[in-house]
Amino acid sequence: MKKNKFLVIGGGIAGVTCAEQLSSLCPTEEVALITASKLIKAVKNYQKVSRTLEQFDVEERPMIAMETDFPNVQVIHNKLTNLDTDKQVAMLADGGEIQYEMVCICTGARPRMIAANNPFVLGIRDTESVQTFQKRLHNARRIVVIGNGGIATELVWEVQGCEVLWAVKDRHISTTFVDPGAAQFFLPHLNKEKPDTSHEPIKRHKYAEQGEGDPVSADGGAALGPDWTADLQMRGITKTGHAVHVDYEVEVRSVMSPEEFRISGKPTTQPPGFSTEQGVVPNVQLFLQNNFTMSNEGGIQVNDQMETNVPGVFAAGDVCTASWDWAPHWHQMRLWSQARQMGAYAARCMAARDQGDQVHLDFCFEMFAHVTNFFNYKVILLGKFNGQGLGNDYEILLRVTKGVEYVKVVLHDNRMAGALLVGDTDLEETFENLILNQTDLSPFKDHLLDPDIDIDDFFD
Ligand code: FAD
């Protein structure tokens, strides 16, 4: 059996970035990439917005394209069924085996589903699941969206021609990313007409997943990319534009078919057991027999070299839990920015290990930074933007211009710990520096958000 120096498992952002980086760092070595889906995800138009903020598009590409661009990468369309870390062999669904020296697990995560077997309940994760949703939406008059994270927020904005009941367990919308004030800022936009963007160019190429019903792809492909809603028509059967109703502080206890509902007659006595808990569950089932140390939230623990407790086995992206001592203003969130960063960094760690070396933790793990878009507003999250981990020991500075911008600064000990910027505020670079440098803001804090003061001049 041929032995590969490097093996990467998973064709999502983390796995593909890891394989690309390994290919560039070690051009004379063989890199094998196993992917359960025929389309892989590649990062395109990467742009560094500031020291820690980055933006990129995600392109779905046929796996063959990767072999053309990276000749020492072999892409294997198959499903991993077992990883024998003693013999350093990966076993595949078709009976094949691949021997490796070092492996990086990038199998991602899947949505935490309620009533998974109910035909009326759909979970959104990959291109295929979005297409199924689109088809079903076509004939829908009313849908219920359960969840209060980024996906739910984007979805209620995108869906038109259909009543949307948005069930959230919290007191305000979009809790994963924003605070009650910013949620209030967004509320008027829930039922506004969406601007028509159909004339704008599509940023990424799309390829149809070949071979529907393919047993290898059947377990789902990689999670979607940043512009997953860009060219989708999310339209229901009615003529209404946006019709969103939010139900706060509710939990789904059960999901019944119309027939079950009729027969039951007593909805309040339905057994509990479903929860609206959001988020994703790392895809680790295959590795439960491998004696990896797992975190409480179910990810494979990795150290600051992205290595698990089993030597030579690395992990990156949604499947792993960063288990080193985090920098004060960084935390893990299962986002594509972190999947890319972890995949790239894992490759550097693996290449260094091959030389008997170690690398310093990458600068991107110094501070949490993420750019996204909600309700057509640019949203930038920096550091402890929601006071994460600070208990009540923080101060908040706010500047709100209705319909234009929402600026929130979190101060801890008179130093900036985090910020949430909605709209085109142009404050991200200055605030990033203030968080990274931990400048004492006591003399300035009363003026920090004064719109008449040029904050850049202040700190020059
Ligand atoms: P994935 O992209 O899930 O890739 C995992 C790969 O492993 C897949 O190719 C899969 O086929 C493969 N695999 C799994 N098991 C096996 C096996 N046994 N054998 C072989 N291959 C296997 N993040 C943001 O930053 N901003 C957002 O706005 C945002 N919105 C999102 C919207 C949606 C609808 C979804 C679903 C996710 C969103 N995310 C968002 C999260 C983001 O997509 C993920 O954090 C990121 O894609 C994780 O990348 P990954 O490579 O770790 O995993």
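What follows is a short chat about salt bridges and surface charge in this predicted model.

Me: How many salt bridges does the structure hold?
Reply: The structure holds 15 salt bridges.

Me: Take Arg340. Which residue does Arg340 form a salt bridge with?
Reply: Arg340 pairs with Glu54, and the closest N and O atoms are 3.0 Å apart. Arg340 lies in helix 7 (residues 336-354) and Glu54 in strand 4 (residues 54-62), so this pair ties together parts that are 286 residues apart in sequence.

Me: Is Arg340 buried or exposed?
Reply: Arg340 is buried, with a relative accessible area of 14%. Buried means under 20% relative accessible area.

Me: And Glu54, buried or exposed?
Reply: Glu54 has 7% relative accessibility, so Glu54 counts as buried.

Me: Now Arg61. Which side chain does Arg61 meet in a salt bridge?
Reply: The side chain of Glu59, at 3.2 Å from N to O. Arg61 is buried at a relative accessible area of 11%, and Glu59 is buried at 9%.

Me: What about Lys408, which side chain does Lys408 meet in a salt bridge?
Reply: Lys408 meets Asp179, with 3.1 Å from N to O. Asp179 sits in the loop between strand 11 (162-167) and helix 5 (180-186), while Lys408 is in strand 20 (residues 405-412), so the pair ties together parts that are 229 residues apart in sequence.

Me: Are Asp179 and Lys408 buried or exposed?
Reply: Asp179 counts as buried at 8% relative accessibility. Lys408 is buried too, with a relative accessible area of 3%.

Me: Which residues are linked in a network of salt bridges?
Reply: Lys5, Glu101 and Asp354 are linked in such a network.

Me: Change of topic, the surface. Which residues gather in a patch of negative charge?
Reply: The patch on the surface is made of Asp424, Asp426, Glu429, Asp454, Asp456 and Asp457.

Me: Pick Asp454. Where is the place of Asp454?
Reply: Asp454 is in the loop between helix 8 (428-437) and helix 9 (455-458).

Methods
Residues are numbered from 1 along each chain as its sequence is written. This is a predicted model: local features need pLDDT of at least 70, side-chain atom pairs count only at pLDDT 80 or more; totals for chains, interfaces and linings use all residues. Side-chain values use heavy atoms; hydrogens and water are left out. Patches are made of residues with over 30% relative accessible area and no salt bridge: like charges are joined within 9 Å, nonpolar side chains (Val, Leu, Ile, Met, Phe, Trp, Tyr) within 5 Å. Accessible areas come from the Shrake-Rupley method with a 1.4 Å probe; for residues, only the protein chains shown count as cover. A salt bridge is a side-chain nitrogen of Lys or Arg within 4 Å of a carboxyl oxygen of Asp or Glu. Lys and Arg count as positive and Asp and Glu as negative; His and the chain ends are not counted. The place of a charge is taken as NZ of Lys, CZ of Arg, CG of Asp or CD of Glu. Helices (H or I, at least four residues) and strands (E, at least two) are DSSP runs, numbered from the N terminus. Buried means under 20% relative accessible area, exposed over 50%, partly exposed in between (1.4 Å probe, protein chains only).
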